[in-house]
Amino acid sequence: MPRLFTALEIPQDIALSLSFLRGGLPSAHWIDPQNYHLTLRFIGDIEPRLADEIVAWLDRVDRPAFSIALSGVAAFGTRKPHSIYAGVEASPELCDLQAEIERICRRLDVPADQRKFVPHVTLARLRQPKLAEVAHFLATRGDFRTPPFMVERFGLFSARESVGGGPYVLEEAFSLHTGTPTAKGLARPVSGGHAQRLTKSARPAATTALNRTS
């Protein structure tokens, strides 16, 4: 059964900028640029029926598109660094979107994610790194910045059990509106759906993937 999570996609031009950070760290297992993403909420292994409910509730999210920018490079794990990531400049809209997805997950009794939400794009996993090498890598890339880019949708992704870093499959995409809000709330019925359902010939729907592996 695949693991599910919600995330933002990274545009190709931004992914290209991130890819220039690769190298110079012997202990790093670099993420392929096509697998860069910004995780909003890890969901995990769930049953197909719950996946259907999650898709239905995510389809009710009615928030405006917004822009974000990546800023800085850092590591998770102070004494024992285990991953390198690009940070994200402060964005109330991003935090509000993540908070709504978190409320949906709690409403549906999805197991809690114990990790605090820290917006980031993982660049590499570290294997027995030397602290001096990590410190030097971060010091030489601390001024990394990207231009702001628009976020017009978020997605429900699946991942197979692996060491980490993909491949990831976009199962469903949910649009953020670019005009006047339509005032859909969590208490309102599904509106007919603005989720961009991916055709079977392109990528499987979430429950199709779950049924295939269950």
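Because the model is predicted, local features need pLDDT of at least 70 and side-chain atom pairs count only at pLDDT 80 or more, while totals for chains, interfaces and linings use all residues. Residues are numbered from 1 along each chain as its sequence is written, and side-chain values use heavy atoms, with hydrogens and water left out.

Let's start with the whole chain. The protein chain has five helices and 11 strands; these are DSSP runs numbered from the N terminus, with helices being H or I of at least four residues and strands being E of at least two. Of its 214 residues, 48% count as buried, where buried means under 20% relative accessible area, exposed means over 50%, and partly exposed is in between (1.4 Å probe, protein chains only). The accessible surface comes to about 11300 Å², and 51% of that belongs to carbon and sulfur atoms; the areas come from the Shrake-Rupley method with a 1.4 Å probe, and for residues only the protein chains shown count as cover. Take the contacts (heavy atoms within 4.5 Å) between residues at least 6 apart in sequence: 79% of them join residues at least 24 apart.

Now for the inside. The largest nonpolar core holds 52 residues, and L8, L18, I68, I84, L97, L123 and F154 touch the most other members. Helix α2 (residues 48–58) gives the most to this core, with six residues. A nonpolar core here is a set of buried Ala, Val, Leu, Ile, Met, Phe, Trp, Tyr and Cys residues joined through side-chain atoms within 4.5 Å. Have a look at I84: leaving out residues up to four places away in sequence, I84 touches L25, V73, A74, A75, V121, T122, L123, A124, L126, V134, F137 and L138.

On to the loops. Most residues other than glycine have a negative phi. D109, in the loop between α3 (92–107) and β7 (120–126), has a positive phi of about 60°, and D109 is exposed, at 67% relative accessible area. Q128 sits in the loop between β7 and α4 (131–139); its phi is near 50°, and Q128 is exposed too, at 78%.

V61, in the loop between α2 and β4 (66–68), is buried, with a relative accessible area of 0%. V61 and I101 are 40 residues apart in sequence and 8.2 Å apart C-alpha to C-alpha. P26, in the loop between α1 and β2 (28–30), is exposed at 67%. P26 and K130 are 104 residues apart along the chain, with 9.1 Å between their C-alpha atoms.
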